[in-house]
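I opened this notebook to record what I looked up in the model. The entries go chain by chain.

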Amino acid sequence: MSLGPQVRARLRRRFVGGLLGQLDRMRALDIQLAEGAQLAEGAQLAEGAREELRTIGHRLAGTGSSFGLPRLSTLGRALEHAPDEQMRPALAALMDAIGDVLRSEDKDPPPPSSPTSPSSP
Amino acid sequence: MLVKRIALVEDNDDNRALIAALLEDRYRLLEYADGPSALAGLVDEPPDLILLDISLPGMDGTEVLAKLRRHDALRQVPAVALTAHAMRGDRERFLEQGFNEYVSKPIVDEEILLSAIHRLLGAEGNADDGGTDGGTEG
């Protein structure tokens, strides 16, 4: 009992489909981190951003490899465990990797499948 | 044969979809996205096995399990911890906290999860082998 290629492809499309929204959120949090370093009242803002980013990293660490994207798991884990001062570089690496995935899927999307498609062996 | 019920408590939609795709043909799945809803639902409808994410928002998986274990109907239900923490000593820690098995995420080799489920449900809970393609699509 294992997942066949059609089911696996459907789950991957679903996962990748959610990455764009996560990328937008990461960009917003990155801005909060940058502002937090400059504003007197920014420390609390930055702490909230770091906490949310660690949660995002944790979630990607626990999902990427399941959908054939191990780099997202690796970089997600790096973000989750990054020291505060290393968080923005870790975030930049993860956002770059997500951008690569989105560009790749856009350029070369997996073949569509439907309930009426013949089953693969 | 009565279809076994497996409760899946996992806040991540993608992981829930993945595990559901693996199991839904063979088991009846009871899906919950957080601890409080699982507590409310499972007391009324005890499953045969619980797959419980550790990093749940608000109430984490170990706390959910402790609360579930207070109910007579749920005290003996085997529970599998699902976690992306994957630290050395995790397995022992989760077993000490009342879990019966531990599976790390991301789920890359589905057989590890399936083996844990089969082992905990016993021979009668085993699903026969076969792909889940085609018929489960859509």
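**Conventions.** I worked from a predicted model, in which local features need pLDDT of at least 70, side-chain atom pairs count only at pLDDT 80 or more, and totals for chains, interfaces and linings use all residues. Residues are numbered from 1 along each chain as its sequence is written, and chains are lettered from A and ligands numbered from 1 in the order in which they are written.

**Chain A, overview.** I found 5 helices and 0 strands in chain A; helices (H or I, at least four residues) and strands (E, at least two) are DSSP runs, numbered from the N terminus. The pattern along the sequence is α-α-α-α-α. Of the 121 residues of chain A, 33% count as buried. I used these burial classes: buried means 20 or more other C-beta atoms within 10 Å of the residue's own, exposed means 12 or fewer, and partly exposed lies in between, with C-beta atoms placed from the backbone.

**H5 of chain A.** I noted that H5(A) covers residues 87-107, 21 residues in total, and reaches 30 Å from its first C-alpha to its last, close to the 30 Å expected at 1.5 Å a residue. The expected span is 1.5 Å times one less than the number of residues. Which residues of H5(A) are buried? I listed A:Met87, A:Ala90, A:Leu91, A:Leu94, A:Ile98 and A:Val101. They lie on the same side of H5(A) because they cover an arc of only 100° around the axis, the arc being that of the directions from the helix axis to the C-beta atoms. On the face turned away from the buried side I found exposed residues, including A:Pro89, A:Asp96 and A:Lys107.

**H2 against H5 in chain A.** The axes of H2(A) (residues 19-38) and H5(A) come within 10 Å and cross at roughly 155°. That makes H2(A) roughly antiparallel to H5(A), a term for angles over 145 degrees. I recorded the crossing as left-handed, meaning that the near helix is turned anticlockwise from the far one by less than a right angle. Among the residues of H2(A) that meet H5(A) are A:Leu23, A:Met26 and A:Leu33; on the H5(A) side they include A:Leu91, A:Met95 and A:Ile98. Contact requires C-beta atoms, placed from the backbone, within 7 Å.

**H4 of chain A.** H4(A), residues 70-81, has 12 residues and reaches 17 Å from first C-alpha to last, close to the 16 Å expected. I found A:Leu72, A:Leu75 and A:Leu79 among its buried residues.

**H5 of chain B.** H5(B) spans residues 110-121. Its buried residues are B:Glu110, B:Leu113, B:Leu114 and B:Ile117. B:Gly122 follows H5(B) and has a positive phi, near 80°.

**Two residues of chain B.** I located B:Asp60 in the loop between strand S3 (49-53) and helix H3 (61-68). B:Asp60 is partly exposed, with 15 other C-beta atoms within 10 Å. Not counting residues up to four places away in sequence, B:Asp60 touches B:Ile54 and B:Ser55. B:Glu31 sits in strand S2 (residues 28-32) and is partly exposed, with 18 other C-beta atoms within 10 Å.

Note on methods
Axes are lines fitted to C-alpha atoms, for helices over the stretch in contact, and angles run from 0 to 180 degrees between N-to-C directions. Angles under 35 degrees count as roughly parallel, over 145 as roughly antiparallel, 65 to 115 as roughly perpendicular and the rest as oblique. Two residues are in contact if their C-beta atoms, placed from the backbone, lie within 7 Å.
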